Amino acid sequence: MEDELFSVSDKICVITGGMGQLGVQYVKAFLARNAKVAVFGRHVEREKIENVFLPEEYNNEHLAFYKVDITKKEEINKALDKIEQVWSAPDVLINNAGIDTQPSAPPEVSGPFENFPEEVFREVVDINLVGTFLMCQAVGARMVEAHKEGSIINIGSIYGMVSPVQDIYAYKKEMTGIPFIKPVAYSAAKSGIYNLTRYCATYWGRQGIRVNSFTPSGVWRDTQDQYFQKNYCSRIPIGRMAQEDEYNGALIFLASKASRYMTGANLIMDGGWTAW
């Protein structure tokens, strides 16, 4: 009974940003549970695929890759047309694609708010928020047309719920003389995800399409410097950053019958960050 409750077997799942650190984990988790997974990404060259997926994974008939810029409606719909020709309309959409500014970013995009470049703000909002809107619109329309009771999962961020803690990054100025200010664009874009989610949930609720958001916190990478990791972890009640596979269970839950009465909600898994 438990297996059936959390089953995603044979569900057609579209995952944007499926070649990124977390996207790869989501793809593997759904594939391991017999879902049919369509990976959308701007960079899905075979060489890169072979670097992150085992041969038996990327040769699996349940896994397909599509080069898609999610800010372009035409590219989205062309890929969805191909998916429907091979499988059917999607049952699950995970809007994972996004961009952020890392502490290693150059000063022209990580300086004071007063000088933050307009073109960078527009680019970040375009990918993180407009891209999510376009994916919801396109996939939701196909779920409706196919009379499918689907699940759409929009990936948010703790920095979309609360403001970044700028003190975490103060060490950059102390060490290099150049300050790092966590930029506004990512927070503004991710905060928009939550009301987009609630809007779609109420709009499609009677048609059996559930729309929820998922809020993770920072994920450990071996490329992060030790000062950032120490400062970041000092703010997390659980005392550490997430491992890259620790969010898989939440996504399986949101995609399966286990969450069938859940829509318009935000599932937070942040190690306690937003509990302060």
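**Exercise 1.** Determine in which sense strands E4 and E5 pair, and over how many bridges.

*Solution.* Strand E4 (residues 92-95) and E5 pair in the parallel sense over 4 bridges, where helices (H or I, at least four residues) and strands (E, at least two) are DSSP runs numbered from the N terminus, and pairing requires that DSSP find at least two bridges between two strands. Within this pairing, Leu93 stands opposite Ile152 in E5. The model is a predicted one, in which local features need pLDDT of at least 70 and side-chain atom pairs count only at pLDDT 80 or more, whereas totals for chains, interfaces and linings use all residues. Residues are numbered from 1 along each chain as its sequence is written, and side-chain values use heavy atoms, with hydrogens and water left out.

**Exercise 2.** Decide whether the faces of E5 are covered or open.

*Solution.* In a regular strand the side chains alternate between the two faces of the sheet. For E5 (residues 151-155), 5 of its 5 residues are buried, that is, under 20% relative accessible area with a 1.4 Å probe and protein chains only. Ser151, Ile153 and Ile155 lie on one side, Ile152 and Asn154 on the other, and both faces are covered.

Terms used:
Buried < 20%, exposed > 50% of the residue type's maximum accessible area, 1.4 Å probe, protein only.
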